[in-house]
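These are my notebook entries on a structure that I looked up. I recorded each topic in turn.

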Amino acid sequence: MIEAVLVMNTQGKPRLTKFYHHHMTAEKQQEMIREIYGVLCSRAENVSNFIEADAIFGPNTRLVYKHYATLYFVFVFDTTENELAMLDLIQVFVETLDKCFKNVCELDVVFNFGKIHTILDEIIFGGQVLETNCIEVMKSVDEIMKLERSSNTILLAPIVTSGRNSR
Amino acid sequence: MGSQGGWGQSKEFLDLIKSIGEARSKAEEDRIVLQEIETLKKRITEPDVPKRKMKEYIIRLVYVEMLGHDASFGYIHAVKMTHDDALLLKRTGYLAVTLFLNEDHDLIILIVNTIQKDLKSDNYLVVCAALNAVCKLINEETIPAVLPQVVELLGHQKESVRKKAIMALHRFYQKAPSLITHLVSNFRKRLCDDDPGVMGASLCPLFDLVTEDVSSYKDLVISFVSILKQVSERRLPKTYDYHHMPAPFIQIRLLKILALLGAGNKQASDNMHTVLGDMFRKCESTSNIGNAILYECICTVSSIYPNAKLLEAAADVTSRFLKSEIHNLKYMGIDALSRLIKINPDIAEEHQLAVIDCLEDPDDTLKRKTLDLLYKMTKSSNVEVIVDRMIDYMISINDTHYKTEIASRCVELAEQFAPSNQWFIQTINKVFEHAGDLVNVKVAHNLIRLIAEGFGEDDEGADNQLRSSAVDSYLRIIGEPKLPSVFLQVICWVLGEYATADGKYSASYIMGKLCDVAEAHSNDDTVKGYAVTAIMKICAFEIAAGRKVELLPECQALIDELSASHSTDLQQRAYELQALLGLDCHAVECIMPSDASCEDIEVDKNVSFLNSFVQQALEKGATPYIPESERTGSISVTTFRNQDQTEASSHSLRFEAYELPKPSLPTRAAPSLPLPSSDLVPVPESYQPYETPQPMQPQPITDSSSTELGLKLKLEGVQKKWGRPSYSSQSTPSTSQTMNPKTANGITHSEIKEAISYDSRKQQHEVSAEKQRLAASLFGASSSKSEKKTQGSKAMKSSPARVEKPQAPTSEKAPTPVQQPPPPDLLDLGDSTQSNAPPSSAVVDPFMQLEGLLGVPPQEVSLESNPGASASSQSVNLMALYEDTPGVGQLSSFAGSFVAGNPSVQSRSPRVGSSSVGSTAKKGPSPQDSLEKDAVARQVGVTPSGLNPNLFRDLLG
């Protein structure tokens with residue numbers, strides 16, 4: 001089971017935090033991110049992507065991380081998941097982001113909070129892997145976005161501008 | 001897409017991000033965020049906030065909270081937003097709520113109603129959003145409120161809803177199994193769902209269920225095997241493929257379930273053999289995900305009833321992992337090895353050099369995993385090397401958590417396998433020296449006991465040698481700064497008992513050392529207490545031997561200082577020492593006999609020596625003693641300890657505590673308590689108030705070790721008689737408990753071994769030779785076979801690895817090229833699905849339905865799901881291109897491979913596709929896109945300044 005998904009940049013700033021089972025207070029989350037960041041920073045290049053996370057998340061937890069440009073993607077999970085597979089799940093997530101944003105960069109992650117969460121929710125649901133096919137994920141996300149936008153225009157039209165109705 | 005055109009956010013939000021991104025310090029960032037919180041507090045409470053604005057505020061709140069600040073003032077607005085009818089707002093509301101709230105939050109009650117409504121919505125996206133919230137926000141109390149709706153959704157027409165409903169139900173099961181027990185059959189039912197995705201989702205709860213109770217799911221073995229067979233044979237639609245691997249996550253789930261079902265069950269395991277064997281043969285090991293499945297196969301094989309052939313295949317894959325250059329695979333290899341050696345310990349021998357390489361790898365994770373493996377394969381023949389390694393590693397790290405774990409492992413191994421007592425003492429010394437504050441105090445007590453009791457044989461000479469070597473080593477260490485307290489206590493105790501025993505060191509020298517210790521640790525009362533008692537012992541031995549004791553000036557100063565100490569315990573010890581110095585040699589010998597720590601202290605439990613006193617009192621008219629059990633109203637008050645426990649565990653029993661000071665008794669029982677102590681103890685310092693709670697933990701050790709405390713013990717006996725019947729059991733055990741007898745090896749033997757290991761350490765410049773020796777000592781030195789292997793693989797190592805490399809894989813992978821060509825397979829898919837008739841599955845197999853349904857639609861599905869039929873043929877070509885690129889650096893090639901294999905990218909942005917094909921493996925950041933983004937950013941006002949230009953770097957670049 002996946003416990004948490006964290007995205008932080010190489011300066012240790014959180015960009016996305018999602019905990020699936022244990023709710024963390026904001027301070028606790030911060031502390032964890034700091035600890036993880038400390039560990040990640042100290043790791044050399046070309047070493048394995050796995051870290052035992054007992055000290056941070058409790059017994060029998062491990063984390064897999066992957067470093068892309070300015071971001072670290074970290075998945076935390078328990079012993080019922082396969083490390084290599086989790087590594088690929090990160091890949092699925094990032095590839096999907098890349099497709100959604102065309103050469104995704106850190107700024108996209110910061111500004112598209114809602115969409116990033118939508119994407120993640122289509123890949124992992126309640127701590128379990130839901131879908132690993134980028135195209136399928138994209139399809140669902142696009143559909144959500146489309147419906148969201150249409151609902152948005154209908155609803156907001158009278159409030160914001162009337163020009164939007166033409167869409 | 002709105003998301004790309006200026007990110008659809010207000011200038012304010014962009015500015016916030018920008019300023020936070022440029023903050024130079026945490027303090028500056030905090031200031032910015034606090035300011036933002038103030039702004040939001042004001043804005044959010046304004047009347048008539050447009051909904052679109054409100055949505056942004058909520059997102060900003062989420063952002064603020066992500067940065068570690070409290071945004072609880074806005075929670076209610078997020079809750080309100082979930083009530084909105086517009087999908088965008090509702091989803092934003094749900095998102096914020098799931099991130100903000102935990103399942104026990106007060107506001108949840110306001111959401112449950114909305115969730116109930118949304119679960120019934122016609123819009124499946126609303127239903128999905130609600131299900132998502134259900135997973136995070138519903139707790140045991142609120143489950144019944146939504147349970148019927150969720151169960152109903154198991155039959156929803158949309159497969160994505162069914163999937164999510166199963167997972168929500170799974171969450172309920174995890175949270176409150178008792179509420180779901182009657183619904184468990186639903187998971188079984190969903191296993192036969194028309195949609196393979198739903199079937200895959202049902203494997204998650206089934207895995208949990210099987211973990212709980214294997215026997216109830218034995219009947220599903222055949223079905224699981226059949227599903228796995230079909231999935232691995234690519235009978236699923238192509239949309240389930242991931243990097244050419246059919247539904248890998250489903251395969252992994254299935255393998256995990258099979259591992260549970262096959263454990264210790266021969267019949268079930270027999271059913272799995274064929275499919276597992278096939279998977280070992282067919283699974284391609286060039287991709288990460290392929291290796292993930294292979295690893296899972298190894299786990300399954302090592303868990304089910306052993307099968308020689310499969311184990312051999314598993315060992316092959318393991319060795320491939322270990323030989324890999326990729327650290328991740330090495331890690332998996334080590335893990336796999338630790339599973340396999342449980343079944344066949346000899347497997348490790350073959351990989352000794354690889355294991356040692358991993359042990360010396362700079363990668364910390366790999367090193368730890370390897371130490372784990374070594375820990376699991378420790379036996380008495382290799383314990384010295386392994387513990388040595390573990391201690392070396394322990395010294396090198398700072399992580400307290402892991403240090404504690406590894407220290408306790410060292411101690412555990414040392415206690416279990418120690419070849420000699422001397423080695424044991426040295427090892428524990430090392431552990432103490434470097435992690436003394438982290439190990440259990442019990443370890444110190446064991447060490448003391450071991451030194452005191454020696455070998456347990458009647459070989460006084462060897463025991464004395466052991467002790468004097470311990471004394472020697474402690475005198476060497478004692479001067480070092482920052483020794484842990486527990487270790488100093490041990491040192492003081494040992495020095496006090498044995499330092500002067502063989503006449504090698506003079507009493508004044510040792511006393512000087514002990515004074516130094518006490519002085520250097522003036523804040524540690526426990527250590528000081530140990531030091532003073534040790535000095536006392538040495539003085540006593542000197543006096544008993546007829547020599548005159550001359551206290552050093554610093555010693556006298558210490559005693560003077562302690563006599564005025566705030567700690568009553570230290571005071572007492574100081575006075576005792578002074579009193580002892582005034583006694584004659586005979587008396588001292590009685591109080592402090594030499595080397596008597598192991599003598600049994602006889603405790604007169606009946607305190608018969610008090611009989612005359614009691615008699616006297618009775619004659620004077622005192623009431624006779626009534627045993628506690630006969631006293632009224634005290635049935636449950638048995639012992640203090642017991643009472644403490646009950647008090648702690650339940651409040652209902654608490655009133656009984658009040659009955660302890662029995663109103664009628666104190667007058668009769670109390671006077672007898674203080675009297676015996678004054679009567680009994682001739683030594684003047686015994687007026688020491690024993691009632692004061694003693695903060696000193698190590699009292700038990702001293703109890704058993706010196707006769708001075710024999711007096712105390714007797715006193716406890718008295719207390720026991722009148723107070724707590726079971727107390728005495730605590731004061732005697734140290735002598736009766738024997739250390740694990742490690743008598744098998746004599747000291748000479750151990751010395752030889754020591755010498756060997758010393759040798760091996762000396763030759764550090766000759767790495768490979770040392771490595772080889774290490775291997776030999778780890779995996780059994782005597783076996784000539786291993787020696788040969790070592791030689792062989794050493795040669796292999798020294799010769800350029802690249803020459804060796806291609807050779808090994810080709811010989812191993814001989815069958816893979818035959819199975820490998822997946823691209824043709826992609827086209828043959830329709831073919832294979834037509835001849836889909838299941839050859840062997842049983843008639844009752846619930847998966848039959850699935851099979852039938854799976855057989856037909858793949859083509860339709862693939863048509864549906866792929867953007868265009870033409871694109872799919874293109875994708876084949878692209879994939880062929882990819883196939884040509886060798887599997888070098890497979891990790892880095894993922895991005896490329898996937899992009900290449902993906903038709904939609906081709907259609908959407910040709911540039912991306914072509915660039916990835918061109919560069920075969922790497923997808924560089926595209927300048928054009930970056931420029932576009934940069935321009936947008938400038939427009940919007942976020943200028944990439946010198947501090948955070950990185951924000952624009954492509955992730956996959």
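**Entry 1: chain A as a whole.** I found that the secondary structure of chain A comes to 6 helices and 7 strands; helices (H or I, at least four residues) and strands (E, at least two) are DSSP runs, numbered from the N terminus. I wrote down the order of the elements from the N terminus as β-β-α-β-α-β-β-α-α-α-β-β-α.

The model is predicted, and local features need pLDDT of at least 70, side-chain atom pairs count only at pLDDT 80 or more, and totals for chains, interfaces and linings use all residues. Residues are numbered from 1 along each chain as its sequence is written, while chains are lettered from A and ligands numbered from 1 in the order in which they are written.

I noted that 61% of the 167 residues in chain A are buried. A residue is buried if 20 or more other C-beta atoms lie within 10 Å of its own, exposed if 12 or fewer, and partly exposed in between, with C-beta atoms placed from the backbone.

**Entry 2: strand E1 of chain A.** E1(A) is joined by 7 bridges to strand E5(A), residues 71-77, and the two run antiparallel. Two strands pair if DSSP finds at least two bridges between them. In this pairing I found Val5(A) opposite Phe75(A).

E1(A) also pairs with E2(A), residues 14-19, in the antiparallel sense over 5 bridges. Here Leu6(A) has Thr17(A) as its bridge partner. The hairpin of E1(A) and E2(A) has 4 residues between the strands, and Gly12(A) takes a positive phi near 90° there.

**Entry 3: two helices of chain B.** I recorded that H20(B), residues 352-359, and H21(B), residues 364-376, pack at an angle of about 130° with their axes 8 Å apart. Axes are lines fitted to C-alpha atoms, for helices over the stretch in contact, and angles run from 0 to 180 degrees between N-to-C directions. H20(B) is therefore oblique to H21(B); angles under 35 degrees count as roughly parallel, over 145 as roughly antiparallel, 65 to 115 as roughly perpendicular and the rest as oblique.

**Entry 4: confidence.** I noted a mean pLDDT of 73 for chain B, with 66% of its residues at 70 or more; pLDDT is the predictor's confidence in each residue, from 0 to 100. Within chain B, confidence is lowest in H46(B), at a mean of 37, and highest in H14(B), at 94. For the complex, the predictor gives an ipTM of 0.90 and a pTM of 0.68.
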